[in-house]
Amino acid sequence: MIKEKNSMKRFGYQLFFTGPTMITFTIALLIPFAYGFYLTLMKMASPTSPLEFSGIDNYVTAIQDKEFWASMWLTVKYMAGTVLFVNVLGFVLAFLVTSNIRSQNFFRTAYFTPNLIGGLVLGYIWQFVFVQSLPAIGEKWGIDFLRLGWLGDEKLAFWALVIVTIWQSAGYMMIIFIAGLISVPKDIIEASTIDGANGWQRMVKMILPSMVPSFVVTVFLTLKNAFMVYDINFSLTEGGPYGSTTMVSMHVVNKAFLETNYGVGQAEAIVLFIIVASVTGLQVYFSKKMEVEA
Amino acid sequence: MRKKFVSTLLVLFSVAMAACGGASQEPATDSTDATNQPDEGKVTIIITNGKGEIAAQNEQAAKDFMAANPDIIVEQHTGAVGDTLSILDKLSASGETVTLAMMEPNAVVEKYKDFGTDLSGEKWVNETNDAVKNAKGEIVGFPFSIEGFGLVYNKQVVEKAIGGAFDPFSINTRDKLKGLLDQIKASGVKYPVAYQTEAWSVSNHYSSQFLNQANDPNTIIAQLKEGQFDLAGNAVWNGYYDTLDLLSSQEYNKYGERPLGKYYDDAHVSVGKGESALLFNGNWAFDSLKAVAGENFGLMPVPVDNNPDNPLNNKIAAGPTNIYVINKEATPAQQEAAKKYLNWLVYEKAGQDYLVNKSQVISAFKNNPYTVTNPLGAVIQDAIKQGKTMPFTTNYIVPGDWNTILGPEVQKYIVKKQSREELAKAIESYFTSKK
């Protein structure tokens, strides 16, 4: 009897604390997701026209869409670039600003600030840098690879996207790494110093293994952000030149809303979801296994 | 005590949720009340607009119209500039019945082909040449705004180069255009052209121009869909790309060396400042140009070949770019109210003033006495009066598709990643896939 009362009470508490989030999550994510999935099974010319059941037609078209897979492959390359550089740079920055250099608080704030600027604004600012500032510098100092705007060249436009992403998110990852670095127990570092480990050995053998939880989070975030990138892509290159920097999210949006192919666009979004969910799921699962107890 | 607390919270929760559920339904019942109760004597119509830049003017127009027609309530909804999902789609998806919707002319034969009511019997049909028909030949589109494109030039630079007054219609062959560019170059302008060759511009606008070789561009579209129009062997189609080669060449174009890198702002600043003389764009380019150098701009036709008598070399492409369509799902009373609103735009002084003076829209109606202040728009208005316009070919294609599917193909041609034959094939196979 008492037990039952307790479980009721516990349920009440659970509802109290998770209820509001659950309601928002359901309204903003679960219901649209389910409805979106339902729509992929329908044929729909425009939101005003009646729905017709069409089975898996939309998925067949989506899977056969060569441009979709091309943009997916481009996104994978972009992901490889950003995940690597953002994490390396974020870690290096975190290491520098925790090593007791002067005015480290100033640097922490400075590196974090880009993350506070919205992706769209940031894209337009950098568009100006790549179209106006860098060519002006290149012209003045005779640096040939800066003389022409980067956004007009397939490869350079891609790297422009990677650079801006690194600039934006390295500071955010730095904050997570700082938290990780501070919580590395001092005693094990001290013990290893007494045992005669040099700086490099301490880094590889002691600090990095105990930082794995931070890496799980940062790699997850950078992976997810890379797959879902749209704002920077839209404001910086708009998929150009000649469609060569259209990332997969932009392709989906174009398919659905510009080419008014709602069903196929939504089906591609579901395929993208499955890929992102499995990649990040596997990443978290395997990197969790690398965690060590301090 | 604690248990009581939790249960109170739970009760509060369910009340709150019920309230939320109730609240979301209320406006819906309200609006149906308003439309279904004729005894109240008022009709509510929802108007959706695409042109985000005139949102404030639209609101004012609704107020002025309601003052003159107290039995009608007008709700104006205006989509933001650059919004990907149209306000009409948003409202329809949330269950509202939009009475009067602004859309692209092409939408009445494609995306919203079953949306509009027949307006052929309306009086204003006689005041315009630009009413838009659906596939059945019924007039369903009320032309709201006229726009046109061509070569936008800086008057001062051009007049300095030729040493006198310049008649834009004197450049009626490609060789004359080349001669003009050389003259401008000789006058000390390093790059006479600053054309940014963005996807929407080179594709939706520039690359659709060849459709004007037929009196009715739809005939060519139909042939293309059947796979029976040979682009690579078509003189006009090739002619426009010969002119594009000239406009995007390293010799004349500021961006010739690397043509595709987001130069819209830079191009308009260059022409505005007079560092370059011309670019390919439409009357809307004035919004970017006027900030730099006032009203010193003009518009000329794009020459396609070297025959000065070819009408394509002597006319500016201009036509309706936004049309109003009345929803046939709206109640008869709402449809009547919407028709009244359209007549108000055409015949009432306040409506004419809103359209041309307040919103700076080029009117499609001959009886509208006002002229826009935009000099490029004024050129188009003059050209309409003198019969020097030809159809706005972008209205015959699907702009969304051309922007994302064919835009990159044309751009690949500009940077020589593919040949003209390959571009022709890409356009042909796009059309056959859309049959």
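Student: What distance separates the centres of domain 1 of chain B and domain 2 of chain B?

Tutor: The centres of domain 1 and domain 2 of chain B are 30 Å apart, taken over C-alpha atoms. Please keep in mind that this is a predicted model.

Student: Which residues belong to domain 1 and domain 2 of chain B?

Tutor: The domain assignment gives residues 31-147 and 320-386 of chain B to domain 1, and residues 148-318 and 389-433 to domain 2.

Student: How many residues does the contact take from domain 1 and from domain 2 of chain B?

Tutor: Domain 1 of chain B brings 15 residues to the contact, and domain 2 of chain B brings 19. On the domain 1 side, β5 (139-154) and α14 (375-386) of chain B each supply at least two residues. The most comes from α14(B), which gives 7 residues to that side. By type, the domain 1 side has 8 nonpolar, 4 polar and 3 charged residues.

Student: What helices and strands does chain B have?

Tutor: Chain B has 16 helices and 9 strands. Buried residues make up 48% of its 435 residues. Among contacts in chain B with a separation of 6 or more, 73% link residues 24 or more positions apart.

Student: Why are α15(B) and α16(B) called roughly antiparallel?

Tutor: Let's set the angle against the cut-off. The axes of α15 (residues 399-414) and α16 (residues 420-433) of chain B cross at roughly 170° and come within 9 Å. Angles over 145 degrees count as roughly antiparallel. Therefore α15(B) and α16(B) are roughly antiparallel to each other.

Student: Which residues of α15(B) meet α16(B)?

Tutor: B:I405, B:L406, B:E409, B:V410 and B:Y413 in α15(B) meet B:R420, B:L423, B:A426, B:I427 and B:Y430 in α16(B). The residues of this contact divide into 8 nonpolar, no polar and 2 charged.

Student: Why is B:K262 called buried?

Tutor: B:K262 has 24 other C-beta atoms within 10 Å. A residue is buried at 20 or more, so B:K262 counts as buried. B:K262 is found in the loop between α8 (235-247) and α9 (264-273) of chain B. B:K262 also has a positive phi of about 60° although it is not a glycine.

Student: What makes B:K90 partly exposed?

Tutor: B:K90 has 16 C-beta neighbours inside 10 Å. Buried needs 20 or more, exposed needs 12 or fewer, and partly exposed is in between. B:K90 therefore counts as partly exposed. You will find B:K90 in helix α3 (residues 87-93) of chain B. Between B:K90 and B:G274 there are 43 Å in space, C-alpha to C-alpha, and 184 residues in sequence.

Student: Now for chain A. What radius of gyration does chain A have, and what would a compact globule of 294 residues have?

Tutor: Chain A has a radius of gyration of 24 Å, but a compact globule of 294 residues would have one near 19 Å. Along the principal axes, the C-alpha atoms of chain A fill a box of roughly 85 × 75 × 30 Å. Chain A has 13 helices and 2 strands. Of its 294 residues, 31% are buried. In chain A, 71% of the contacts with a separation of 6 or more are between residues 24 or more positions apart.

Student: Why does A:F25 count as exposed?

Tutor: A:F25 has 12 C-beta neighbours inside 10 Å. Exposed means 12 or fewer, so A:F25 counts as exposed. The place of A:F25 is in helix α1 of chain A.

Student: And why is A:N100 exposed?

Tutor: A:N100 has 6 other C-beta atoms within 10 Å. The cut-off for exposed is 12 or fewer, so A:N100 is exposed. A:N100 lies in the loop between α3 (66-97) and α4 (104-112) of chain A. Although A:N100 is not a glycine, it has a positive phi of about 60°. A:F25 and A:N100 are 75 residues apart in sequence and 42 Å apart in space, C-alpha to C-alpha.

Student: How many residues does the contact take from chain A and from chain B?

Tutor: The contact takes 26 residues from chain A and 32 residues from chain B. On the side of chain A that touches chain B, the elements giving two or more residues are α1 (2-40), α5 (119-141) and α12 (248-258) of chain A. That side of chain A divides into 11 nonpolar, 12 polar and 3 charged residues.

Technical notes: Residues are numbered from 1 along each chain as its sequence is written. Chains are lettered from A and ligands numbered from 1 in the order in which they are written. This is a predicted model: local features need pLDDT of at least 70, side-chain atom pairs count only at pLDDT 80 or more; totals for chains, interfaces and linings use all residues. Helices (H or I, at least four residues) and strands (E, at least two) are DSSP runs, numbered from the N terminus. The radius of gyration is taken over C-alpha atoms; the globule rule is 2.2 Å times the number of residues to the power 0.38. Two residues are in contact if their C-beta atoms, placed from the backbone, lie within 7 Å. Ala, Val, Leu, Ile, Met, Phe, Trp, Tyr, Cys and Pro count as nonpolar, Asp, Glu, Lys and Arg as charged, and the others, Gly among them, as polar. Domain bounds come from an automatic or database domain assignment. Axes are lines fitted to C-alpha atoms, for helices over the stretch in contact, and angles run from 0 to 180 degrees between N-to-C directions. Angles under 35 degrees count as roughly parallel, over 145 as roughly antiparallel, 65 to 115 as roughly perpendicular and the rest as oblique.
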